[in-house]
Amino acid sequence: MSREGQSDRMTPLRRHLPLVILLAAGLGLRIAYLVAYQPAFWFHGDSGEYLLMLQQPLEPHPNRPIGYVLLLSALQQTRTLAAVAAVQHLLSLLLAVGLYALLLRRGVVRWLATLAAVPLIFDSLVLTMGHYLLPDLMFMVLFAASVGALLWSPRPGPVAAVVSGGLIAVAWVTKPTALPVALLLAGYLVVRRVGWRPVLGYLLAFGVPYVMVMVWIGDRQSVYSAQSGTALYGRAAMIADCDRIELTAEERIACPDQPPDQRWDRADAFFWRRPARLGDWVYTPEGARVLTSFSRSVISQQPGDYFATVGRESAAHFVPGLYLGPMNECLRQRLVPPVRFRSADVRVEQNCPPAQASSGFQAAVAEPVVADPATPLTRTLHQYGRWTRGIPVVMSLAVLLTVAALAAGRRVAGWIRLDTVLLVVAGPGLAVFTVAIGMYEPRYALPALPLAAAAAALAAQGLMHRDAPARPEPVGPQGTVGPQGTVGPQGTVGSATRDTDGAAGRPAGRADSGDAPRPADPA
């Protein structure tokens, strides 16, 4: 082979070499997790429930969605939970590649697209959640892929809409909190005026699985239906002043036992440690109805307390290290890799750091025996986990840059303004919504990370070129990605150029008539 041919083959690798190096480092970190913490992290109250569901006929569960059970079932033949952790770690790296590719396709400069992928590769919460037997990492990937499918092309077509609808349906099965975003994406297609085919395709791709699941559930209690109101109960019980507000006799049954000034600082504690008089009654249709009615009565009569609590806890998603109370601090420790799995004199249930899963697919935490000694690797990973959690910074940056892009008005391309608003509302907005209807927990911001990173990159690109805003990638006859952010007639990869105004993603001197239709610029 000629030296020139070898040079051509090396061009794509050299072009994306910074990302390749970062991915290699991220892979090394994930391998370190797999070596140091075998087989996986165990989250008390959640991990065991999913494995118990795996061992039984598939039925609706009052508190757990079924989507994650399907992943566990697919990997059960490996006979080790380390396989689950390994797949989840790999998914987070693939998502970083997908984010990078999306941003390049939409005209973001390469260094900025690489920078946007860094949090997905190195953020310690991404690594730790990838090692937990929890659905959060799987949900993040499905959630981000659904939004990314709609943003992949300047004008979403029927195929992109169907793919997006199907992915958000699976995300909803994995975590019901995806439902408002599913509606948001449908609204986005309507606002973009993409035509009836993409809208119909999206609605069918999401709506058919949704209806099938709801028909399957029927009148049984499920996290997808009436039982979802139990999450709101914790939020209301946290602030309820039952001596001051008006409640019906049946609603008063749900009043917490503690005085208002002695309440727990975690909303979910009010459900899991509910008064004994409630017992398992809360899992019945009547009990779920009463809890929901109690919650609405409290919030409607104490709106100031409700919004103050939601605002304070939501701020913790945007302000690093914000203190919310001792129970929340213990919860945060569960999201930091431990120096050692066990303490011989402390029960696992009272130990804040992550616990160890059993071998095989057993629905039980490893026995709380004498811990393996700490190693230099576990000490290093523990310190890494403490100091490399940057999701609040990324989310805050995304909001600030989006506001700046909106304030710039028409100097920033309309499609950038619209897409960044979608990303911020669907990402950080979902994190705030989760606090409003349930509780604060750092891992609930995980799905917002890729969307916030994409929003920050798009908004920054628009602001850097606001006199001649970056355009979406032109699309050639084959509809494939072209040279370094452009699309040539054969769909081959080559070098992007800039016009004299500095707009990225449009070859110099190319007639506008050859570009793909540009989305309407919403004023």
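Is Cys 242 buried or exposed? Cys 242 has 11% relative accessibility, so it counts as buried. Buried means under 20% relative accessible area; exposed is over 50%, and partly exposed lies in between, with a 1.4 Å probe and protein chains only.

A word on the basis. This is a predicted model, where local features need pLDDT of at least 70, side-chain atom pairs count only at pLDDT 80 or more, and totals for chains, interfaces and linings use all residues. Residues are numbered from 1 along each chain as its sequence is written, and side-chain values use heavy atoms, leaving out hydrogens and water.

Now the disulfides. The structure holds two. A disulfide here is a pair of cysteine sulfur atoms within 2.5 Å. Cys 242 pairs with Cys 255, sulfur to sulfur 2.1 Å. The torsion about their S-S bond is about -110°, so this disulfide is left-handed. Cys 242 sits in the loop between helix 12 (229-237) and helix 13 (249-252), and Cys 255 in the loop between helix 13 and helix 14 (269-272), so the pair ties together parts 13 residues apart in sequence. Helices are DSSP runs of H or I with at least four residues, strands are E runs of at least two, and both are numbered from the N terminus. Cys 255, at 8% relative accessibility, is buried.

On to the other pair. Cys 330 and Cys 352 have their sulfur atoms 1.9 Å apart. Their link is left-handed, with -110° about the S-S bond. Cys 330 lies in helix 17, while Cys 352 lies in the loop between helix 17 and strand 2 (355-356), 22 residues apart. Cys 330 is partly exposed at 23%, whereas Cys 352 is buried at 14%.

The largest nonpolar core has 148 residues. Such a core is a set of buried Ala, Val, Leu, Ile, Met, Phe, Trp, Tyr and Cys residues joined through side-chain atoms within 4.5 Å. Helix 22 (residues 448-464) gives the most to this core, 12 residues. Tyr 233 is among the residues with the most contacts inside the core. Leaving aside neighbours within four places in sequence, Tyr 233 is in contact (heavy atoms within 4.5 Å) with residues including Phe 270, Phe 271 and Phe 294.

Last stop, Met 395. Met 395 belongs to helix 19 (residues 391-407). At 0% relative accessibility, Met 395 is buried. Not counting residues up to four places away, Met 395 touches His 317, Phe 318 and Pro 428, among others.
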